[in-house]
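My entries follow in the order I made them.

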Amino acid sequence: MRGAGGGANLLALRSHNTALVLDLLRKAGTEGISRLELADRTGLTPQAVSKITARLREEGLAAEAGRRASTGGKPRTVLRLVPEAGHAVGAHLDRDELRAVLADLDGTVVARRHAALDLGAGAEAVLGRVAAVVGELGAEVAGAAGGRSLLGVGVALPGPLDHRRGVLHRVTGFPEWDGFPLRDALAERLGGVPVVVDKDTNAVALGLAVGGEGGSFAYLHLGTGLGAGLVVGGSVHRGPRTGAGEFGHQVVQLDGPPCGCGDRGCVEALCLAAVARGEMGEAARVLGTGAANLVGLLDIDRVLVGGRTVEGAPGVFLGGVRGVLEARARRTGEECVGVGLVSGESRVAEGAAQLVLAPVFGQDG
């Protein structure tokens, strides 16, 4: 597996103007787009567009897609993105399993891996397992893409954590991870391949936004824990200390049952306790109560729910959350926000890949 030194140059890709051009090439699909259209839509000069596209073609990121008739003059050459020219690995580290995907520049998943994982086994064991899976997927990049480099690895796992520095805080139930520099430690294991670390909920929220989910929304993830990814005004909201979205640890029952975070009566503790009792309807009602608090605080457009526990009883959770939000809307006289399901076992891993890919196209990563 090669680092970022060969193939696509990350520093070049992340220039603002290049990102604008790449984003338009991606949106144009296989039909392509002409240099003149690129100049019109980006506001760049034709000369600047020509320099950028020449560099992208040299890097193998863009290619000719034929010619298109013009209104007078000679036909225009159109260009398209070459999706297979770059890849990212997205890895989801849950408390008991690891899911990883290999995605091309379009975000299309071309390979998957799934393995057991014990997040409490210690940093050495966890890093070794992740590095092995990334190595397997990196080998597939070399085989499928003529040896072109891996752009990077996105890692998503339960929070809280410092997204900017890639440092974990006290993951609920795993205090030994507090202060661990996961980003730098994994990058060293991978021989310098760039690594981005974020919360599992933020990864899914980013993937949804990149995939076309518009407006402001909250993604509520109920699996082995409970958290939220928030998108406000089209961008993932992480907060000044990147700690936003610790949804599961809002207290909704004073002197309630103890939670792994050290507090009592948290939404997560109440939800997971109801799930353990087999009372999915009660878990959904508690989740809806937390969702109603978010709607009241942030005035978001939509609430989306997902995670392996939700997928075990999707109708129950959708109905339960929607019922609480409809009751709130009747009390306040406001229009009820939409409620939707986010399904798919690899959604977190796919979103983690977007932590690497989205910035290439000028999107929040």
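I first looked up strand E11 (residues 217-222) and strand E12 (residues 226-232), which pair in the antiparallel sense over six bridges. Two strands pair if DSSP finds at least two bridges between them; helices (H or I, at least four residues) and strands (E, at least two) are DSSP runs, numbered from the N terminus. For Leu-222 I found the bridge partner Leu-226 in E12.

This is a predicted model, where local features need pLDDT of at least 70, side-chain atom pairs count only at pLDDT 80 or more, and totals for chains, interfaces and linings use all residues. Residues are numbered from 1 along each chain as its sequence is written, and side-chain values use heavy atoms, with hydrogens and water left out.

I then traced the sheet: it is open, has five strands in the order E13-E12-E11-E14-E15, and its pairing is mixed. Strand E13 (235-236) and strand E15 (338-342) are the edge strands, each pairing on one side only.

Next I checked helix H7 (residues 200-210), which packs on the sheet and touches E11, E12, E13, strand E14 (302-306) and E15. Contact means heavy atoms within 4.5 Å.

How many of the 11 residues of H7 are buried? Eight are, so H7 is largely enclosed by the rest of the structure. Buried means under 20% relative accessible area, exposed over 50%, partly exposed in between (1.4 Å probe, protein chains only). Among the buried residues I noted Asp-200, Asn-202 and Leu-208. Gly-212 follows H7 and has a positive phi, near 115°.

Last, I looked up Pro-240, in the loop between E13 and helix H8 (267-276). Pro-240 counts as exposed because its relative accessibility is 64%.

Terms used. Axes fitted to C-alpha atoms, helices over the stretch in contact; angles between N-to-C directions.
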